There are 2 protein chains.
Amino acid sequence: MPSRSASRPRHAEIAQALREKIRSGELTPGSPLPSEARLTGQFAVSRGTVRQALAALRAEGLIAGGRGRVPVVRRTGLAQNFDQLVSFSLWARQMGRTPSARTLELSRRPVDAEAAEQLELEPGTPIFSYTRLRMLDGEPVLVERATFVETVGRLLLDCDLDGGSVYEQLGARGVELVEAQQTIAAIAAGGEDASLLGVPRRSPVLEVRRRAMDAEGVALEWSRDRYRGDAFEITIHNQDTLPRAGVALRSANGGR
Amino acid sequence: MPSRSASRPRHAEIAQALREKIRSGELTPGSPLPSEARLTGQFAVSRGTVRQALAALRAEGLIAGGRGRVPVVRRTGLAQNFDQLVSFSLWARQMGRTPSARTLELSRRPVDAEAAEQLELEPGTPIFSYTRLRMLDGEPVLVERATFVETVGRLLLDCDLDGGSVYEQLGARGVELVEAQQTIAAIAAGGEDASLLGVPRRSPVLEVRRRAMDAEGVALEWSRDRYRGDAFEITIHNQDTLPRAGVALRSANGGR
DNA sequence: TCCTGTAACTTGTCTTGACAAGTTTGCCGA
DNA sequence: TCGGCAAACTTGTCAAGACAAGTTACAGGA
């Protein structure tokens, strides 16, 4: 009977309210949440709605609990979002390092076989691709070879590739990448990568291949990033029986 | 297959049934699932139960959908549960390969400095550790150096280290690891690892350091796994703005 | 032919009610 | 004081129903 027309779903509001209580410190790790029955009263909703909100927090790993056990705060969730996960710039700034970039190439060309398969394009379809050398405090650490479908890639021409985060700039132009599949491998540095990164040939390099998609699951980007093996690690956090994980890049020698 | 028909929640059974239809190819990526109403009839449950099952598949990224839009299969999913994620044996069997193991060492000794920090133990506390060489179809691909806290490690003496999955065997003895933090790095193979894996020295190797915890978040295991770089990759799937990811090991040259 | 509006269908949200299964609490007896 | 047992409490599971909001299909008119 409540109008609630333009507002968000009730369960989302409740989840957000609880999230903020956790983030603000009102609920510290280890402290118990109110029981479902109490929350039902506090928010004046049915138990199903409360449970929907709690399920969201549980999926984020913010709370733990079980049958007969009142939910307990696990950690004060530091909001990791997609940008942070795949954006070198955002990550570096958050770590207190200074990121920079040098674009080595930006072109529009027919898609090659591999990218065609990953982006689900017909062979020969035009795409945009660039190669960038990324640096931390002036030291080269990453060679980035990205490929974008034409509709998105066209926007790259208006972006400052050597400036801020490409994802950020694309986001400002209405391109939202919200899902990605990434594959991590250890390879030996080839001649070009070795000289760009300033390491000996055949040094171990961390290769991350990324296929990024929009909300509909349409692949828009296909990239190969190559990190100096002596400078980078990738950490994965996963919990429960479900394969969900928080992923964070971490510099191996620098900040700990 | 374990009995499983005993008293598993109905929604879990439905989710599993749908998962298998997807994995078996009966439902291919792009094809629509039956509507909730139809599933309600097929499984003779209420709509809430069906939705609970679909929510699980959605969290795993297997299906997509939205209001008024019938769910659609996204991909034939791999990684399913924590065991698969960290258990070489389970993963290999599911991929149709034959895993085997050779235990090189198993000992009880005082904890070293690094493991003490990871396991949050006092320096000098006794722990159990082992080194295993893992093989796929007889070919060595992984050197595993694991450290367990004493209460868990003691159980290793009753386990068949060269037989099935250690996690499976520990699970049967009441030790449930449900959370892990893993760090992935590319390093050069040292002399010992190189000869064990049968690759040249300084070959690229994928190192996975793992800190595994029980439901209360207490660290029970600290391990360093080293995979042949030419044989293994790790794939991460993450979606939404939330840091959830499906993680699946995948053989680079062999399987698939 | 093209477009538009409506009806049917589908999923999202929310409620109420019930029982099962596990945990916590506190009382009582030894 | 200690141990065990039972009641109270809590979460997990499931049902049935109702309405809102979005999508699809189709008939009919311009």
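Which elements of chain B do the buried residues of α1(B) pack against? They pack against α2 (36-43), α3 and β2 (69-73) of that chain, with contact taken as C-beta atoms, placed from the backbone, within 7 Å. This is a predicted model, where local features need pLDDT of at least 70, side-chain atom pairs count only at pLDDT 80 or more, and totals for chains, interfaces and linings use all residues. Residues are numbered from 1 along each chain as its sequence is written, while chains are lettered from A and ligands numbered from 1 in the order written.

**Helix α1(B)**
- Helices (H or I, at least four residues) and strands (E, at least two) are DSSP runs, numbered from the N terminus.
- α1(B) has 15 residues and reaches 21 Å from its first C-alpha to its last, close to the 21 Å expected at 1.5 Å a residue (1.5 Å times one less than the number of residues).
- B:Ile14, B:Ala15, B:Leu18 and B:Ile22 are buried (20 or more other C-beta atoms within 10 Å of their own; exposed means 12 or fewer).
- These four cover an arc of only 100° around the axis, which puts them on the same side of α1(B); the arc is that of the directions from the helix axis to the C-beta atoms.
- The face turned away from the buried side carries exposed B:Glu20 and B:Ser24.
- Just after the helix, B:Gly25 takes a positive phi of about 100°.

**Around DNA strand D**
- Of the 22 residues around DNA strand D, A:Glu36, B:Arg10, B:Val45, B:Ser46 and B:Gly68 come nearest (near means a C-beta atom, placed from the backbone, within 6 Å).
- β2(A) gives the largest share of this surface, three residues.

Technical notes. Contact = placed C-beta atoms within 7 Å.
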